[in-house]
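Hi,

Here is the structure I said I would pass on to you.

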Amino acid sequence: MRLSFVLSVALYSLCIWLNWSDLNTARPEPNTPAEFSGFYHYLSSDALYAPALFRDLFIESVPTRGWTLPPAPYFFPDLLIYFLVLVFFKQPLAAFVAGTAFFTLSLICAGFFLRTAFPKQKHVYTGVFLAGSLLHLLIIHDLLPASFRGLIVPTFHHGASTCAFIAFALILKGLKDKQPAASFIFLFLLSWAAMLSDSVYAALVVPGTILY
């Protein structure tokens, strides 16, 4: 196992810890708008949508007549992960942890697709974990607009960034493969599910693809 890979995983783990620490410690400073606090994003209506929906459907059995879906219903992968976890663990925090684990799994999947597309590259997984770390660091240290924090908060555009990592890897793999049909079919299905769930996915993938 290469030292560079071990260090990249250690850095990524540190970034995850910093993000969760922000949940416990970040509070708005006096006279500072709440949306600029990391803690705010865990208590916003977007972040609480999934646990509230689960409670209404499966605990309190609230009638669904007259309901309308929000602009970003977060069907995939957020609600899928959240509901599956809450079947076995009743605490919402467990589902948030599962969302973070799925984000990590998406990095591993992206690394796998990139490794098959670029077999001679020896540092693919290192690069993928560094990319995930960079995203967390830029957001945690407010080097990106406050609205970007939703990309690393489970059930709040988190699924869009998760799918985007896999999508970029599939695009690169498809362009390198001699028979790219399987990669682009998988990309189409992933994009279809992600777009139905959260249009932010397109805002992440389309500009990056055009620039590439």
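Below is what I found, going from the whole chain down to a few residues.

One thing to keep in mind: this is a predicted model.

Let's start with the overall make-up. If you look at contacts with a separation of 6 or more, 65% of them involve residues 24 or more positions apart.

Next, have a look at helix 4, which covers residues 75-88. Its 14 residues reach 19 Å from the first C-alpha to the last, close to the 20 Å expected at 1.5 Å a residue. Which of its residues are buried? They are Pro77, Asp78, Leu79, Ile81, Tyr82, Phe83, Val85 and Leu86.

Then turn to the surface. Ile185, Phe188, Leu189, Trp192 and Leu196 make up a nonpolar patch there, and together they have about 580 Å² of accessible area. One of these, Ile185, belongs to helix 8, which runs over residues 181-197. Is Ile185 buried or exposed? Ile185 counts as exposed because its relative accessible area is 52%, and the cut-off for exposed is over 50%.

That's what I have for now. Happy browsing!

How values were computed: Residues are numbered from 1 along each chain as its sequence is written. This is a predicted model: local features need pLDDT of at least 70, side-chain atom pairs count only at pLDDT 80 or more; totals for chains, interfaces and linings use all residues. Side-chain values use heavy atoms; hydrogens and water are left out. Contact means heavy atoms within 4.5 Å. Helices (H or I, at least four residues) and strands (E, at least two) are DSSP runs, numbered from the N terminus. The expected span of a helix is 1.5 Å times one less than its number of residues. Buried means under 20% relative accessible area, exposed over 50%, partly exposed in between (1.4 Å probe, protein chains only). Patches are made of residues with over 30% relative accessible area and no salt bridge: like charges are joined within 9 Å, nonpolar side chains (Val, Leu, Ile, Met, Phe, Trp, Tyr) within 5 Å. Accessible areas come from the Shrake-Rupley method with a 1.4 Å probe; for residues, only the protein chains shown count as cover. A salt bridge is a side-chain nitrogen of Lys or Arg within 4 Å of a carboxyl oxygen of Asp or Glu.
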